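Please read it alongside the sequence and the structure shown here.

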Amino acid sequence: MSFIIRAATPADLQPLYEMAKLTGGGFTNLPPDRNSLTAKLERAGQSFARDGEDLDLADELFVMVLENTETGEVRGTSQLFTQVGQSLPFYSYRLTTLTQHSIELERTVTAEMLVLTNDLGGCSEVGGLFLHPNERAGGLGLLLARSRYLYIAAHRERFGDRILAELRGIIDDRGGSPFWDAIGGKFFGMSFQEADEFNAVNGNQFIADLMPKHPVYTALLSEEARKVIGLPHPNGRAAMRMLENENFSYEGYVDIFDGGPTMLARTDNVTSIKNAAHVPVVDIELEAGEKALIAAGRLANFRCCYGARELRDDGIAIDSRAADLLRVAKGDMVWSIAR
Ligand SMILES: CC(C)(COP(=O)(O)OP(=O)(O)OC[C@H]1O[C@@H](n2cnc3c(N)ncnc32)[C@H](O)[C@@H]1OP(=O)(O)O)[C@@H](O)C(=O)NCCC(=O)NCCSC(=O)CCC(=O)O
C-alpha cells in the first residue's frame, strides 16, 4: 500500500464531505456541510498560493489529505492554522483558582473558576485530524499528524511561537454535552446538537458572542459538568497520546463549547519539529534503512510519506519507492524524521 500526504484541492470536496459525515459531530474543523468545506478549500488554496520573501505572519489555513496512490482515494485529512484569533478573537476558558481565608472562621477556602480569556490568540493550531475508520491502527494516523510538523519545519516563518490543538470534549450517549448544558446552553436556548449543527454551517463565532463573559465558579456547575472539564472524548485519546508524544501538554485551557482540553506546545520544542533533518538526497536506491517520515516540496507541492532513510555525512539516502512518491531526485532537499 502506498500512501502520500499532499495539499488538498477543491477536487477533494466529496471525500472530505464523506469523512466529515463519519465524525459523529462536535468536530468543529471538519463540519459535514458542503458550503463550509468548499470555503475551507478555497481559503486553503489562497494560503498555498501565497509565496514570496519576507511574508508577514497571517491568518492562513492549510488543508492536507492522505491519498492512497494505488486507488487515488482520499482516506484521511488534517489541517494547520498559522495564527488563530487574528480577525475574530479566539476564546478559551482557563481553569484558575481563588483562595480566600477568613480569620473569624479560621477557614481557608479554595474555589476553582473558569475564566474567559484570549490568551491563546496568536498561536498556530493543528486540527481537523481524521483518518477513515477502515484505515486505522496501522500507523497512518501518525503519518497524518506528524507530516504537519514537517510542514511547519519547512515553513517555519509562517507559524507562531506556540501551537495549540483542541480535543473534543465528552459527549454523552444521547449526543449531549454535560459542559454545554451547564454553561453555554443556559444562554443560547439551544441543545448541544442544535448548537453543533448551527456551528457546522455558520462557524463558531456565535458561541464566543453570547457566552457569559464573567468567571464561572465550578462549584456552581452540575456534578456531570464538573467531571468532564479538561477531559477528551474517548475517540480523541489516540490524538491526545500523539500530541503528548510531541511535547504538547494540557495547561488548564479548555474549549468554551464542550470543555475539551486545549493542548499547547512551544513550536520549536515539538519533537518532530526539533528533530527534523533538512538535507539533500544523495541516493535514491536505498535497500534497507531506518523507517522514517520523509517530506519534500513547498506549499501546494508539499508531499510526505513513509519510507526508509539513512543519514550520511553528505546528506540522506532514501528508498526508490519514497523517491517516486515524493517526486524527488538526487540533489533535491528533503525533510525527514525517524518513525
Ligand atoms: C486520531 C486518528 C487519526 C489516529 O489514527 P489511528 O487510530 O490509526 O492511530 P494509530 O496510528 O493507530 O495510533 C496513534 C497513537 O495513538 C495511540 N492510541 C491509539 N488508540 C488509543 C487509545 N484509545 N488510547 C490511547 N492511545 C491510543 C497509539 O498507541 C499510537 O501511539 P504510539 O505510537 O505511542 O503507540 C484516528 O483515530 C481518528 O481519525 N480518530 C477519529 C477522529 C478524531 O478523534 N480525531 C482527532 C480530533 S482532535 C484534533 O483534530 C486536534 C489534534 C490534532 O490535530 O493533532
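In this predicted model, Ala 154 has a relative accessible area of 16%, which falls under the 20% cut-off, and therefore counts as buried.

**Ala 154 and its surroundings**
- Ala 154 belongs to helix H3, which covers residues 140-154.
- Leaving aside residues up to four places away in sequence, Ala 154 touches Arg 298 and Trp 335.
- His 214 lies 60 residues from Ala 154 in sequence, and the C-alpha atoms of the two are 41 Å apart in space.

**Enclosed space**
- Searching the whole structure gives 1 cavity of 30 Å³ or more, and the volume of the largest cavity is about 40 Å³.
- The lining of the largest cavity comprises 5 nonpolar, 1 polar and 1 charged residues, among them Leu 16, Val 63 and Gln 79.
- Helix H2 (residues 34-49) supplies the largest share of this lining, with 3 residues.

**The chain as a whole**
- The protein chain contains 11 helices and 15 strands; its radius of gyration is 22 Å, close to the 20 Å given by the globule rule for 339 residues, so the chain is as compact as a globular protein of that length.
- Along the principal axes, the C-alpha atoms fill a box of roughly 80 × 45 × 40 Å.
- Of the 339 residues, 53% count as buried, while the chain exposes about 16,000 Å², of which carbon and sulfur atoms supply 48%.
- Among contacts between residues at least 6 apart in sequence, 70% join residues at least 24 apart.

Terms used. Residues numbered from 1 in each chain as written. Predicted model: local features only at pLDDT ≥ 70, side-chain atom pairs only at ≥ 80, totals over all residues. Heavy atoms only, no water. Helix = DSSP H or I, 4+ residues; strand = E, 2+ residues; numbered from the N terminus. Buried < 20%, exposed > 50% of the residue type's maximum accessible area, 1.4 Å probe, protein only. Contact = heavy atoms within 4.5 Å. 1 Å grid on protein atoms, 1.4 Å probe; cavity = no way out; pocket = protein on both sides within 12 Å on 5 of 7 lines; lining within 4 Å. Points joined across faces, edges and corners; volume = space filled by probe spheres on them. Nonpolar A, V, L, I, M, F, W, Y, C, P; charged D, E, K, R; others polar. Rg over C-alpha atoms; globule rule 2.2 N^0.38 Å. Areas by Shrake-Rupley, 256 points an atom, 1.4 Å probe, with all protein chains shown as cover.
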